[in-house]
Amino acid sequence: AALPSLVWFGLRTAQSLTGASAGWLLSGLSQAPLVNGLLPALSVSSTLLPLRPRARFGLVLQVLGVLLLLAVALKRLGPSPVWPLLASALVGVGRTASVLPLQRWLLAPRRLSLTWLQRLGDAGGLAGSLLTALLFPLLRSTAPQFAVAALLLVPVLLLVSSPRFQPEESPTPATATAPLATPLAATGIDPRGGFQGLLFGALFALLPLWVRAIGGGNCVDFGLVLTAYGLGRIVGLPLPLPGWGLYGGMAMLLQATTWLPAWGATALFVPLGALAAGTDVRLTGAHGEGGDTAGQLARNDRSLAIGSLVGSLAMGAGTQVLGLANARILIVTAFVLAALLLPRRLKAAA
């Protein structure tokens, strides 16, 4: 399973590195919160499109999107924010088109288990965040990040273009419950999943702009914040807290970032990630057992995507009106409301 492991880890690293670096690049081209909120919204909106699963086409789109971002970072194109927005849309569409056939191939017998696929995906996301911080000092720009991301995508593109890549025509039960393996024709919305997606879509929509404009940090600081959050999610320590306590704890941690120096605020994202992982576990458990599990998870994934889309746009529009300095007030208020309302909905649905 060495080749499948390296392929999936490299792909997830490239996607994480691209997403974080694109956010930082855009924050330097435009200080408008609404424009910055469009980037994650465009990226996640591709999951709602009725795309035909095509691995090679999807990987080609991702490579083209990363190369377009590289051209912007190298100042080969104008400083218009339209270019990174367009590139992120290409990457998002490519990711959505390629993920199902890739996961079907990876989860075939004698390749990867579902648990190992999830762990490699989490590790790749963490590695991408760390590389965002480590590569920036090379040229004091995001060009090294996009160059590395493009190189990491090449082996995956070669794999899906080779004769050995023959994914199953129909998903196995394991594939149906795999992360990101959401049937593109999934219908229906789960309000609980949508609200969860809204919270975290709003939380990360303007984080690059906040670190740059309010925190006075650079891409290294931004990458370390994402790394701390990813580390907290991977550690995922069992926390004996009720549902309202998880959301309330995140609200308190976000507010506490204003009271600490930069390194202290970054460190708070480790427990924040652990609390976020706890809310995901409770949300998944709220679906109960029995019935169409694959359909329930597909519905939840779609709901998370819709919520993230709405949260990104709402955060961008609200901050555009109220000012970036008030962005923290908006997100802390959102988590306080989640502590008051969401656990009750979960209990009522159980």
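A: Arg 140 counts as exposed, at 51% relative accessibility; exposed means over 50% relative accessible area, buried means under 20%, and partly exposed lies in between (1.4 Å probe, protein chains only). This is a predicted model, in which local features need pLDDT of at least 70, side-chain atom pairs count only at pLDDT 80 or more, and totals for chains, interfaces and linings use all residues. Residues are numbered from 1 along each chain as its sequence is written, and side-chain values use heavy atoms, with hydrogens and water left out.

Arg 140 sits in the loop between H5 and H6; helices here are DSSP runs (H or I) of at least four residues, strands are runs (E) of at least two, and both are numbered from the N terminus. Although Arg 140 is not a glycine, its phi is positive, at about 55°.

Two packed helices are described by the angle between their axes and the distance between the axes. For helix H5 (residues 114-139) and helix H6 (residues 143-160), the angle is about 125° and the axes are 7 Å apart. The axes are lines fitted to C-alpha atoms, for helices over the stretch in contact, and the angles run from 0 to 180 degrees between N-to-C directions. H5 and H6 are therefore oblique to each other, since angles under 35 degrees count as roughly parallel, over 145 as roughly antiparallel, 65 to 115 as roughly perpendicular and the rest as oblique. On the H5 side, Leu 131, Thr 132, Leu 135, Phe 136, Leu 138 and Leu 139 make the contact, and on the H6 side Ala 143, Pro 144, Gln 145 and Val 148 do so; contact means heavy atoms within 4.5 Å.

Helix H1 also reaches this region. Ser 21 belongs to helix H1, and among residues beyond four places away in sequence it touches Thr 132, Thr 142, Gln 145 and Phe 146. Ser 21 is buried, with a relative accessible area of 0%. Its side chain lies 2.8 Å from the backbone oxygen of Leu 17.

Elsewhere in helix H1 (residues 2-29) lies Gln 15. Gln 15 is buried as well, at 13% relative accessibility. Beyond four places in sequence, Gln 15 touches Gln 62 and Arg 95. With Gln 62 there is a polar contact between the two side chains, at 3.1 Å. A polar contact is a pair of N or O atoms within 3.5 Å; within protein, one must be able to donate a hydrogen and the other to accept it, and residues adjacent in sequence count only if both atoms are side-chain atoms.

Leu 106 is buried, with a relative accessible area of 0%. Leu 106 and Trp 8 are 98 residues apart along the chain, yet their C-alpha atoms are separated by 8.1 Å. Beyond four places in sequence, Leu 106 is in contact with Pro 4, Trp 8, Arg 111, Leu 112 and Leu 117.

Lys 75, in the loop between H3 and H4, has a positive phi of about 65° although it is not a glycine, and it is exposed, with a relative accessible area of 71%. Leu 260 lies in the loop between helix H11 (243-256) and helix H12 (262-267). Leu 260 is partly exposed, at 40% relative accessible area, and beyond four places in sequence it contacts Ala 265 and Leu 268.

Finally, the wider setting. The protein has 15 helices and zero strands, and 51% of its 350 residues count as buried. Of its contacts with a separation of 6 or more, 85% are between residues 24 or more positions apart. The mean pLDDT (the predictor's confidence in each residue, from 0 to 100) is 84, and 83% of the residues reach 70 or more. Over residues 287-295 the pLDDT is below 50, and this stretch has seven contacts beyond near neighbours in sequence. The pLDDT also stays under 50 over residues 346-350. Where pLDDT is low, the predicted coordinates should not be read in detail.
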